[in-house]
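These are my notebook entries from working through one model. I record what I looked up, entry by entry.

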Amino acid sequence: MTGWPIEIFAVDDCSAQLAWRASPGPGLEVEVGDFSARLQASPKAMLALDRVPDGPVDVAACTGVRRYWEGGRALDPAWAGGPGSVLVEGLEPGTCYDVVAKADGRPRFLAGRLRTLRPPEGRLLSRFATVSDLHIGERRFGVMGRVRDAQAGAAAGPDGPVPYPVRALEAAIEEAAAWGAEVIVAKGDLTNLTTAAEVRDVALLFARCPVPVEALLGNHDNNSRVNVRAVLARHGTVVPWQPWARDLAGVRLVLASTAHGEERFHRGQLPQPVARQLARLAAEGGRPAWIGLHHPPERWPFPTVYPPGIPFGEGRAFAAELAKAGVASTCWVSCGHRHRNRCYRYGPVLVTEVSSTKDYPGVWAGYKVFEGGLLQVVRRTARPDVLSWTETTRRAMNGQWGRWSPGRLADRCLVHHWA
Ligand SMILES: [Fe+2]
Ligand SMILES: [Fe+2]
């Protein structure tokens, strides 16, 4: 059995996350170095189940689910295994590993190969995490809302169904906090339509987070007359009007909302005084800075990607302000908004875009702060009901979403050395 489409979704200096769309057979085992695990996949077609599994799935009990098809053929007609993921830990930094798999009645085979990241110099000082584009309140995904959450009725909470954006955010926060994040930054598009109920719901979710939350607003949080900041503040999440900073060991988080005005604008705004304030905050921390925005800067004079980001002129002026403040090589700018993972140089500045919690691939990002630099690792939220939902959204836009959104491994997992 070769060609099992396992994906090396995430690597850092000591672990890797493997993910797959469908398990190729019962008794699946994976070996990476000294790590070995027998895996249980969650069913692909959770839409056909009458409940959301809350742990490993008894596949034998899932005979009614649809099997996973690719290229017009079932991967294994006798097996209903669906998407899954496994976290491989205890790996050596900067080391190449074979991913070896086997299943019942099938010989061991090479399923993939991964290389762990080489961490920056010095001690590990702190960790933080981000979530982006939560869109609490969204009911459907894809063009014309064709991808629907048939699980909402099954995952009923005390007050009714738990919608997929809520499940995705809860699981992402839980996993990021368990990973060791000291702070979680929510990088905008907290809500879908900015209704009062949506803002209240996201505020309550943040209030339950086991670690402090810093939240900034996106264009979807700017669509009604609801006083978003007041509702969030009532539940303990303060979103300043002006750029602000929070210091962690080894890094200063510098944050700003890039959506303004009474009407919803997809594009962002970063006027020069705000850019100057961001650069000043970054420079005054006495340590490297990580700058979180909702909108990424446009890379070209005319927008080439939808939805539009910060206009080219404003983005370039922002990069120039960072350079003028002497922090261009000791900062990292990270954004959301486009629900995709990308990494690029913007003039002298490193920029990453990180995808949404609630649609494919469904992620949160972790940052390890070292004395000599910063490591980003983007992991898929692994809770089975969330993974099954985000896997379902892969097929949006006639399957193009599954190709567009995840980016390359190097877009998601990388190290930036402070100069
Ligand atoms: Fe968004
Ligand atoms: Fe957005």
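Entry 1: I began with Glu-214, which counts as buried because 22 C-beta neighbours lie inside 10 Å of it, the cut-off for burial being 20 or more. I note that the model is a predicted one. I located Glu-214 in strand 16, residues 213-216. Setting aside neighbours within four places in sequence, I listed its contacts as Val-183, Val-185, Arg-246, Leu-253 and Leu-255.

**Entry 2: the chain as a whole.** I then took the overall figures. The protein chain holds eight helices and 25 strands. Of its 419 residues, 52% are buried. Among contacts with a separation of 6 or more, 74% join residues 24 or more positions apart.

**Entry 3: helix 1.** I checked the length of helix 1, residues 164-179: its 16 residues should span 22 Å at 1.5 Å a residue, and the end C-alpha atoms are 22 Å apart, so the two agree. Which residues of helix 1 are buried? I found Tyr-164, Pro-165, Val-166, Arg-167, Ala-168, Leu-169, Ala-171, Ala-172, Ile-173, Glu-175 and Ala-176. The elements covering these buried residues include strand 10 (124-131), strand 15 (184-187), helix 2 (196-207), strand 23 (363-370) and helix 6 (384-393). After helix 1 comes Gly-180, with a positive phi near 120°.

**Entry 4: the nonpolar cores.** I turned to the largest nonpolar core, which has 98 residues; Leu-18, Ile-184, Ala-282, Ile-291 and Cys-331 touch the most other members. Helix 1 contributes the most to this core, namely eight residues. I looked up Ile-184 in particular: leaving out residues up to four places away in sequence, Ile-184 touches Ala-129, Thr-130, Val-131, Ile-173, Ala-176, Cys-209, Val-211 and Val-213. I also recorded a second, separate core of five residues, among them Phe-141, Val-147, Ala-396 and Trp-401.

Entry 5: I traced an open sheet of three strands in the order 1-2-7, paired antiparallel. Strand 1 (6-11) and strand 7 (84-89) each have a single partner strand and stand at the edges, so one side of each has no neighbour in the sheet. From one strand to the next, the twist averages 25°. Five bridges pair strand 1 with strand 2 (residues 15-20) in the antiparallel sense, and Ile-6 stands opposite Trp-20 of strand 2.

**Entry 6: strand 8 and its partners.** I followed the side chains along strand 8, residues 96-103, and found that they alternate. Strand 3 (residues 29-32) runs antiparallel to strand 8 and is joined to it by four bridges; Val-30 stands opposite Ala-101. Strand 9 (residues 106-115) is also antiparallel to strand 8, with seven bridges between them, and Gly-112 is the bridge partner of Val-99. In the hairpin of strand 8 and strand 9, two residues lie between the strands, and Gly-105 takes a positive phi near 75°.

Notes. Residues numbered from 1 in each chain as written. Chains lettered and ligands numbered in written order. Predicted model: local features only at pLDDT ≥ 70, side-chain atom pairs only at ≥ 80, totals over all residues. Pairing = 2+ DSSP bridges. Axes fitted to C-alpha atoms, helices over the stretch in contact; angles between N-to-C directions. Buried ≥ 20, exposed ≤ 12 C-beta atoms within 10 Å, placed from the backbone. Contact = placed C-beta atoms within 7 Å. Expected span 1.5 Å × (residues − 1). Core = buried A, V, L, I, M, F, W, Y, C linked by C-beta atoms within 7 Å.
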